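Please consider the structure shown below together with its sequence.

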Amino acid sequence: MKQGIFWASIGGAVHAFILVAASALELGLAFGPSVAADMSARDVSLLVFRAAPGSHPSLNHRDLTRLDLSGLDFKQADLRQSNLFGADLSGANLSGTDLSGAILDRVTLVGAKLDGARLDNASLMRPSSFSTLAPLAAEAPSLKGASMRGARFFGTFAGSNLAGADLTDSHCAPTYTTGFIEHIWRTDFTSANLEGAIFTRADMGRAQLSFARLQGATMRDVILRGADLSGADLTNADLSGADLTDADLTDADVRGANLSGTKLRNAKGLDRLRGLALAKNSDKSVR
């Protein structure tokens with residue numbers, strides 16, 4: 001009898017551990033890369049410091065996990081396929097760097113500049129973008145004109161500058177299907193500057209875009225199912241073929257926007273949608 005109770009207890013403990021581990025993985029808090037970086041922060045700093053202007057220091061395919069690289073000017077370094085998991089990049093200047101295919105999961109990006117950087121097919125999951133729970137505009141990372149084609153990212157970019165950024169085929173929707181992550185967290189672009197950004201075929205399901213500036217943005221065939229676009233400025237945006245099923249459009253402004261084939265089924269706030277009479281092809285939207 002006691003032996004049965006013992007094994008039952010062991011089984012229960014193992015089951016509990018599996019549940020905790022699964023939850024931690026879902027939250028992105030556990031089991032990151034455990035191998036040591038193949039360069040020290042000092043090595044990286046010396047490499048970029050000694051690099052001649054315009055030489056693009058070579059750091060591609062390097063393991064730079066968890067290094068403190070805060071405040072470093074990377075001088076448009078080549079960081080393709082590099083692993084920066086958990087690295088501290090707060091205040092760093094990564095403008096013009098090539099981070100194509102790089103791993104940037106769980107990095108610290110407080111005040112970081114990535115203007116004009118290439119992040120095509122990169123992974124930027126759960127970065128720490130702010131030093132406080134309430135986003136501060138002065139700390140928002142800047143990705144103005146960045147190329148993020150095919151990138152996977154998920155986190156808080158409230159107040160960030162992504163004007164002119166190319167997010168074609170990118171994915172910032174929740175990646176899990178348990179129902180927990182999807183209903184608690186969203187990729188947050190609240191009040192972000194997304195003017196002229198390109199979101200063609202991007203998956204932005206459930207994204208938080210309230211009061212975002214999306215003037216002139218290209219959003220053809222973008223997925224915005226369940227997204228919050230309340231108060232967003234969508235003037236002159238191209239929303240042709242976009243899927244806004246169940247999205248919240250309360251007080252959004254669509255003057256001059258192209259709504260040809262835009263799916264608005266079960267969208268909220270349509271009665272308070274501003275500029276609908278001045279939108280293009282509103283009669284061709286799907287409701």
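The model is predicted, so local features need pLDDT of at least 70 and side-chain atom pairs count only at pLDDT 80 or more, while totals for chains, interfaces and linings use all residues. Residues are numbered from 1 along each chain as its sequence is written, and side-chain values use heavy atoms, with hydrogens and water left out.

The protein has three helices and two strands, and their pattern along the sequence reads α-α-β-β-α. These elements are DSSP runs, numbered from the N terminus: helices are H or I runs of at least four residues, and strands are E runs of at least two. Of the 287 residues, 48% are buried; buried means under 20% relative accessible area, exposed means over 50%, and partly exposed lies in between, for a 1.4 Å probe and protein chains only. Among contacts (heavy atoms within 4.5 Å) between residues at least 6 apart in sequence, 28% join residues at least 24 apart.

In soluble globular proteins, nonpolar side chains tend to be buried together. A nonpolar core is here a set of buried Ala, Val, Leu, Ile, Met, Phe, Trp, Tyr and Cys residues joined through side-chain atoms within 4.5 Å. The largest such core contains 70 residues, and Phe74 and Phe199 touch the most other members. Leaving aside residues up to four places away in sequence, Phe199 touches Leu167, Leu194, Met204, Leu214, Ala217, Thr218, Met219, Arg220 and Val222.

The structure also holds two cavities of 30 Å³ or more. On a 1 Å grid over the protein atoms alone, a cavity is a set of points where a 1.4 Å probe fits but cannot get out, and lining residues have an atom within 4 Å of a point. Grid points are joined across faces, edges and corners, and a volume is the space filled by probe spheres set on the points. The largest cavity holds about 40 Å³ of space. Its lining comprises Leu234, Leu239, Leu244, Leu249, Val254, Leu259, Thr262, Leu264 and Leu273, which by class gives eight nonpolar, one polar and no charged residues. For this classification, Ala, Val, Leu, Ile, Met, Phe, Trp, Tyr, Cys and Pro count as nonpolar, Asp, Glu, Lys and Arg as charged, and the others, Gly among them, as polar. The second largest cavity has about 40 Å³ of space and is lined by Leu104, Val107, Leu109, Leu114, Leu119, Leu124 and Leu143.

Three aromatic pairs are present; rings of Phe, Tyr and Trp (its six-membered ring) pair if their centres lie within 6.5 Å, with planes under 30 degrees apart counted as stacked, over 60 as edge-to-face and the rest as tilted. Phe153 and Phe157 form an edge-to-face pair, 5.8 Å centre to centre with 85° between the planes. The pair of Phe157 and Phe189 is stacked because the ring centres are 5.9 Å apart and the planes lie at 20°. This second pair links distant parts of the chain, 32 residues apart: Phe157 is in the loop between β2 (152–154) and α3 (180–184), and Phe189 is in the segment after α3.

Finally, Arg66 has a positive phi near 60° although it is a residue other than glycine. Arg66 is found in the loop between α2 (41–50) and β1 (123–125) and is partly exposed, with a relative accessible area of 46%.

Note on methods: 1 Å grid on protein atoms, 1.4 Å probe; cavity = no way out; pocket = protein on both sides within 12 Å on 5 of 7 lines; lining within 4 Å.
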